[in-house]
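Hi,

Here is the structure I promised to pass on. Have a look at it first, and then read my notes below.

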Amino acid sequence: MPGALQRPAVVARVSDLIGYTPLLELAVTETGSRLLLKLEMYNPTGTAKIRMARAVIDAAEAAGELRPGGRIVESTSGNTGLGLAVVAAERGYTFTAVVDNHACADKLRGMKALGTELVHVVDDGTEELATAAREELAEEMARGQDNTVFTEQHNNPANGAGYHPVAHELVEALDGSLDVLIAAVGTGGALFGTARELGRLIAGFSVVGVEPKGSIAFGGPAHDYYQSGTGTPKGAELGALVDFDLLDEGVKVGDIEAFATCRAVARTGLLIGGSAGGVVHAALHRLSALPPGSTMVALINDGGEKYMDTVFNDDWMRERDLLSSEAEREIDELLTKLRGNR
């Protein structure tokens, strides 16, 4: 259906700008295999998560759980909260975000600017990820409250459904020619929601999930990590949307490699977020092994603008032993080689 996914020239709400995000060809092998980035930072709030945010609110309204003047509560590391904040503001809901200081400061500032009530589960300045504690507090805050819904992104089927349009956008843009879909795995909504719908539309593609080293979805050992909005830390339950039946390969990428990739990709003119760096790192190292003429699509779930104080800050990186000129140089050289084939 040519043109079916075109956005109207004029829209009435910010959420009407969701979707239709572009594909960027980042690298090509000598055999014609290419890596395309699905640039989800071109959604409002600069992230894919607003797709899911709209879907979970739609589902709560359809089920009668959320009515005019209601309240939304969610545990978030930032991007989901930004999306929920936009949709809540448009529809007149109060939104309470349960957060920790692992989230990038700009994400917290953005939510507050959009009218969100921020509740810190840990407020002692520590940067530790507190996913389990956030979830418990968010559930407790919503329990028994009239016209209040805990959207529970990790276990909400509407999370995955929110990404079904991504599959349609890819099929239309690529005329069904897609061999590998690769993305970060946190709640599982983006990768598996897209993959499930994609499987209804085309056949013959493989699915690769990427999580930080230290995350436990693909096994241990568990330890702290700095990539935000992705992975399953120790003590947190694996999201119900993570579907191993759809997964062909699970990959772990460390913080040093992920952030070095962000910084190297920035030198091509593109800013990507920390977990997206992990995805691109894994994709670049798999591209040359694909059959000639293959198309790999990486979901880039947010941009790098929110990470100026972290990933792109030499002092912050150095203080945490994350800065590696060697790792950056390796990605620079790989990108130079692969981009020379375009």
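**What I found**

T187 sits in the loop between β7 and α7. Before going further, please keep in mind that this is a predicted model. Is T187 buried or exposed? With a relative accessible area of 6%, T187 is under the 20% cut-off, so T187 counts as buried. Leaving aside residues up to four places away in sequence, T187 is in contact with K49, Q153, H154, N159, G239, L241 and V242. If you want a sense of distance, take D309: T187 and D309 are 122 residues apart along the chain, and their C-alpha atoms are separated by 25 Å.

**Two cavities**

The structure has two cavities of 30 Å³ or more. The largest cavity has a volume of about 380 Å³. It is lined by 35 residues, and the closest to its centre are K49, S77, G186, G229 and T230.

Helix α7 gives the largest share, three residues. Sorted by class, the lining of the largest cavity has 21 polar, ten nonpolar and four charged residues.

The second largest cavity holds about 30 Å³ of space. Its lining is made of T131, H154, G186, G231, T232, P233, A236, E237, L238 and G239. Six of these residues are polar, three are nonpolar and one is charged. G186 is named here, and G186 is also among the residues closest to the centre of the largest cavity.

As background, nonpolar side chains in soluble globular proteins tend to be buried together. In this model the largest nonpolar core has 44 residues, and those touching the most other members are I57, I72, L178, L181, L191 and V297. The elements that contribute two or more residues to this core are the helices α1 (49-62), α2, α3 (105-113), α6 (164-174) and α7, along with the strands β4 (94-99), β7 (180-184) and β10 (295-300). Another core, of 42 residues, lies apart from it, and M41, V265, M296 and L338 are among its members.

What does I72 touch, not counting residues up to four places away in sequence? Its contacts are I57, L66, A88, Y93, T94, F95, T96, V149 and T151. I57 in that list is another of the core members that touch the most others.

**Aromatic pairs**

There are three aromatic pairs in the whole structure. In one of them, the ring centres of F218 and F244 are 6.4 Å apart and the planes are at 70 degrees, so the pair is edge-to-face. F218 and F244 are both in the loop between β8 (206-212) and β9 (249-253), 26 residues apart. F244 has a relative accessible area of 39%, so it is partly exposed.

Another pair is formed by Y226 and W316, with ring centres 5.5 Å apart and planes at 80 degrees, so this pair is edge-to-face. Y226 is in the loop between β8 and β9, while W316 is in helix α10 (residues 314-319), 90 residues apart. Y226 is partly exposed, at 32% relative accessible area, whereas W316 counts as buried at 12%. Ring pairs also bring in F259, making a cluster of Y226, F259 and W316.

**Two more residues to look at**

R51 is in helix α1. Buried or exposed, at 3% relative accessibility? R51 counts as buried, because 3% is under the 20% cut-off. Beyond residues up to four places away in sequence, R51 touches I18, G19, Y20, T21, K38, E40, N43, G162, Y163, P165, V166 and E169.

G78 is placed in the loop between β3 (71-75) and α2. G78 is buried, with a relative accessible area of 0%. Not counting residues up to four places away in sequence, G78 touches K107 and M111. G78 and V185 are 107 residues apart in sequence and 16 Å apart in space, C-alpha to C-alpha.

Cheers

Technical notes. Residues numbered from 1 in each chain as written. Heavy atoms only, no water. 1 Å grid on protein atoms, 1.4 Å probe; cavity = no way out; pocket = protein on both sides within 12 Å on 5 of 7 lines; lining within 4 Å. Points joined across faces, edges and corners; volume = space filled by probe spheres on them. Helix = DSSP H or I, 4+ residues; strand = E, 2+ residues; numbered from the N terminus. Nonpolar A, V, L, I, M, F, W, Y, C, P; charged D, E, K, R; others polar. Core = buried A, V, L, I, M, F, W, Y, C linked by side-chain atoms within 4.5 Å. Buried < 20%, exposed > 50% of the residue type's maximum accessible area, 1.4 Å probe, protein only. Contact = heavy atoms within 4.5 Å. Phe/Tyr/Trp six-rings, centres within 6.5 Å; stacked < 30°, edge-to-face > 60°.
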